[in-house]
Amino acid sequence: MRPCFPSIDRQAPEEKEKEKEKEELMAPALPQLGLTMEDGDQPETPTSWHDSAPEVIDDVEEENKRPVRVYADGIYDLFHFGHARALEQAKKLLPNTYLLVGCCNDEITHMYKGKTVMTESERYESLRHCKWVDEVIPDAPWVITQEFINKHKIDYVAHDALPYADTSGAGNDVYEFVKAIGKFKETKRTDGISTSDIIMRILKDYNKYVMRNLARGYSRKDLGVSYVKEQQLRVNMGITKLREKVKEQQEKLHTVARTAGMHHSEWVENADRWVAGFLEKFEEGCHIMETAIKDRIQERLKRQQPKELAANLHQEPVVS
């Protein structure tokens, strides 16, 4: 059998001395760090960045949770579905969007674009009832500036890409600055609908709308039409109703003619000629009546002018 010898520590005495001194130096610091060092353990080096790291991570997460503030602006007169679709696109540009909508007041709109149908308060209120809008900014500027962007913490501006004239009168694009700094997001216009298009439809059928409202009980003063215009439109209303009745009777007569076995083409030719002749005479009579009304009104106005002039002269004081 081989003899068993006790283990021999082969570490040099000088190294043992240095190790002992190192342990003595580290011993007072261990309780302050909340650590205990057993034999053979090496002390951990404290790190100064460890405590601040969670705060940095929290700030990043908070920034990611913050809604992206998208701004859209316009006049929004006669608010229609084309406006709503543009705002829907702006709202859906990014997953977490807070949509701010700026609307210009009457003063600045009438100055740079023209008269509106709705007042500024009516336009603001229309926007507030759109489900895509989170916040309405009244009295919005015509041209967006860096100061305005900073004030409302705007991340992006959404609008269609067509250039709109700024306040310089040189035809510059009001969104030129926003595009230059990379904050512009394009939306698409809806074809076939616009405020101007709606106004043109009304103007095109102006007489029909006036006649409709006269029939509903509105006065000519409510509609802003003259007496002559009112009488003319009422005559036109009568002619239109007469045409409808004649057409209805004509269809009935066609049915009678077919039942009687009369040659249809011959009947239609004669009936149309009779009806056209009657309407021509009727319209001629209406035109004569309209001319007579105008002449009578002008005659009355001529008679009233000398009386009003004499009354004004009588009221003026005599200067000696």
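These are my notebook entries on a predicted model of one protein chain.

**Ground rules.** I number residues from 1 along each chain as its sequence is written, and I use heavy atoms for side-chain values, leaving out hydrogens and water. Because the model is predicted, local features need pLDDT of at least 70 and side-chain atom pairs count only at pLDDT 80 or more, while totals for chains, interfaces and linings use all residues.

**Overview.** I began with the protein chain as a whole and found 13 helices and 5 strands; these are DSSP runs numbered from the N terminus, helices being H or I with at least four residues and strands E with at least two. Of its 320 residues, 25% count as buried. For burial I use relative accessible area: buried is under 20%, exposed is over 50%, and partly exposed is in between, with a 1.4 Å probe and protein chains only. I then looked up contacts, meaning heavy atoms within 4.5 Å. Among contacts with a separation of 6 or more, 66% come from residues 24 or more positions apart.

**Core.** Next I asked which residues have the most contacts inside the largest nonpolar core. They are Y71, W142, I144, F148, I154, V157 and Y175, in a core of 17 residues. Such a core is a set of buried Ala, Val, Leu, Ile, Met, Phe, Trp, Tyr and Cys residues joined through side-chain atoms within 4.5 Å. A second, separate core has 15 residues, including Y76, L87, Y124 and L127.

**Y71 and the strands.** I followed Y71 further. Leaving aside neighbours within four places in sequence, its contacts include L100, I137, P141, F148 and V157. V157 is also the bridge partner of Y71 in β4. Strand β1 (residues 68–74) and β4 run parallel, joined by 2 bridges; strands pair if DSSP finds at least two bridges between them. On to β5: 3 bridges join β4 to β5, again parallel, and A158 stands opposite K185 in β5.

**Salt bridges.** I counted 11 salt bridges, each a side-chain nitrogen of Lys or Arg within 4 Å of a carboxyl oxygen of Asp or Glu.

- K91 and D134 meet at 2.5 Å, N to O. K91 sits in helix α4 (residues 81–91) and D134 in the loop between α6 (120–128) and β3 (135–137), 43 residues apart. D134 is partly exposed at 36% relative accessibility.
- R189 pairs with D160, with the closest N and O atoms 3.6 Å apart. R189 lies in the loop between β5 (184–186) and α9 (195–204) and D160 in the loop between β4 (156–159) and α8 (176–180), so the pair ties together parts 29 residues apart in sequence. R189 is partly exposed at 47%, whereas D160 is buried at 9%.
- R220, E230 and R234 are linked in a network of salt bridges.

**Aromatic rings.** How many aromatic pairs are there? I get 5, where rings of Phe, Tyr and Trp (its six-membered ring) pair if their centres lie within 6.5 Å; planes under 30 degrees apart are stacked, over 60 edge-to-face and the rest tilted. Y112 and W142 have ring centres 5.4 Å apart and planes at 35°, so this pair is tilted. Y112 is in helix α5 (residues 106–112) and W142 in the loop between β3 and α7 (146–151), 30 residues apart. Y112 is partly exposed at 36%, but W142 is buried at 16%. Y175 and F184 are tilted too, with centres 5.8 Å apart and planes at 50°. Y175 is buried at 4%, and F184 is buried at 18%. Together with Y164, Y175 and F184 form one aromatic cluster.
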